[in-house]
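Subject: Structure for you to look at

Hello,

Here is the structure I said I would pass on. Please open it beside this email and follow along.

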Amino acid sequence: MIRTSAALIALSLSLGLSSASAQENEANSASHMHDSFGETMRVTDYILRIQALDDNGPELNAVIDYNVEAPVEARRLASTGILRGRSVLVKDNIDTREFATTAGSLALANNRTGRDAPLIANLRAAGGVVLGKTNLSEWANIRSNDSTSGWSAVEGLTRNPHAIDRNTCGSSSGSGAAVAAEFAWGAIGTETNGSITCPASINGVVGFKPSVGIVSRTHVVPISSTQDTAGPMTRTVYDAALLLSAMAGEDEADAATIGVPRIADYTAGLGDFSLEGVRIGVMREQVGNNEQVEEVFEAALKDLSDAGAVLVDIEFEPNSEMYRDSFTVLLFELREQMGKYLASIPEMEGAETPRTLADLIAFNEANADTEMRWFDQGIFQTAEATTDREAYETARANAIRIAGEETLDKLMADNDVRFLVSPTRGPAWMSDLVLGDQFNGSIGFGSPAAIAGYPHLTVPMGHVERLPVGISFFGAKWADHDVLKVGAAYERARTAELPRPSFRRWSPE
């Protein structure tokens, strides 16, 4: 990446580009929903911020590569489509024609496909500007059980803008950190199970995992054809809905996208949706064991109630077979889907081109000093040996049924609620490459929505000692628009103070 001078850093910081509060962002979105002139003009400022805070200063390592000509493109597209020159950073497991797609691995360091994933083609057609590529947990955090989220061999460890010694969660770590640091108008992440929503929550931004099938997965480095999806990460719910509208679309190469009930404009009605009388189920067991998170969540629930929502407490523990069988699905599909992606890429210049998961395993073994210094590839190896199709098909049917029909659908029907809520995750933990991730697994309810392919939205709800935490909204399959509307209504009702990124190490005040 480009390193810049101290003078340029001073220029960037003198531009007044401190992170805006959520209230300021909401007001800006409300007053400029159809006018992106300001955003178009900010693209140069975003690049200066990247150079000052990612390439230099705290060195967040959120951005792998970026296009210094993006301001020119933004001005050219200022009257095009619904995005009108808005700048978007893209997780580096999604193909874009101008950048390599590495998935964070040195095995794909020269993987310049020269092609756009269909979701990127849709983004450009809508007037969006691809500003650059973001760092991620290598291979979307599916290589090892002992990994540290936010680390890749290509770019190193992504740092949290709110506390640079804290984790960014994974796998869309760079996308979450980049949006929090205001390196772009928005970013695209991908999720298999928590990889959009966890980094969004921990970095204090909005993240939306759409129903599987709303957005194409073609030319995205895969894990699972059952659970994978791309989704928006932004500073407001409105912006997430706008970005989703640009990304979404049918793709003949991705059967999951054919004939699904998507809509053209996910921003429609967001500003008018009322919480009055809306019944929302509160997942009490998934609040977890952190008293400070519970306190913030209770304040968010009060905001919902004060705005007219009817809250219904739900005591529920998911069937553990869902997790077991979902993991079997991920293992089986990883080997197959990774092979299909690798077979589709052109020969890489100056490097051997991997074509199978076995080739990636061999590469890691041959480059263990750089690829496996801190954690192994145990999941890769297990996936390579997971070949029983009958067992896979049984596990897939069971996992989807339990997560969807027997969990989310049943909870909403039995309690006569339209949505479910819980905290998304706890606050960011200390990053530790030696010991790996230390997150609190008692908090959150994201797995059923991930496994069943249902929508999941996280919205900032406050902080614990200046470390952001988010609230999650869940709805029925294909109820993406409704989930965005209830999230936007909460965002308007929210009374909590949201923290601003400090770009320093965390310390008690």
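Predicted model: local features only at pLDDT ≥ 70, side-chain atom pairs only at ≥ 80, totals over all residues.

Rolling a probe the size of a water molecule over the atoms shows where empty space is left. The largest pocket holds about 1,100 Å³ of space. Its lining is made up of 42 residues, and those closest to the centre are Asn 193, Gly 194, Arg 425, Phe 439 and Ser 447. Sorted by class, the lining of the largest pocket has 22 polar, 15 nonpolar and five charged residues.

The second largest pocket has a volume of about 570 Å³. Here 25 residues form the lining, with Arg 217, Ser 224, Ser 225, Asp 254 and Gln 337 the closest to the centre. At least two lining residues come from each of H11, H15 (389–414) and H16. Which helix gives the most to this lining? H11 does, with four residues. By class, the lining of the second largest pocket divides into eleven nonpolar, eight polar and six charged residues.

Next, the helix pair. Two packed helices are described by the angle between their axes and the distance between the axes. For H6 (residues 118–125) and H9 (residues 237–247), the angle is about 110° and the axes are 7 Å apart. Angles of 65 to 115 degrees count as roughly perpendicular, so H6 and H9 are roughly perpendicular to each other. Where do H6 and H9 meet? Leu 119, Asn 122 and Leu 123 are the residues on the H6 side, and Leu 243, Ala 246 and Met 247 are those on the H9 side. Of the residues in this contact, five are nonpolar, one is polar and none is charged.

Last, the rings. A pair of aromatic rings is described by the distance of the centres and the angle of the planes. The structure has eight aromatic pairs. One of them is Phe 316 with Phe 445: the ring centres are 6.5 Å apart and the planes stand at 85°, so this pair is edge-to-face. Phe 316 sits in the loop between strand S10 (310–314) and H11, while Phe 445 sits in the loop between strand S11 (419–423) and H16. The two residues are 129 residues apart, and the pair links distant parts of the chain.

Regards

Notes. Residues numbered from 1 in each chain as written. Heavy atoms only, no water. Axes fitted to C-alpha atoms, helices over the stretch in contact; angles between N-to-C directions. Parallel < 35°, antiparallel > 145°, perpendicular 65-115°, else oblique. Contact = heavy atoms within 4.5 Å. Nonpolar A, V, L, I, M, F, W, Y, C, P; charged D, E, K, R; others polar. 1 Å grid on protein atoms, 1.4 Å probe; cavity = no way out; pocket = protein on both sides within 12 Å on 5 of 7 lines; lining within 4 Å. Points joined across faces, edges and corners; volume = space filled by probe spheres on them. Phe/Tyr/Trp six-rings, centres within 6.5 Å; stacked < 30°, edge-to-face > 60°.
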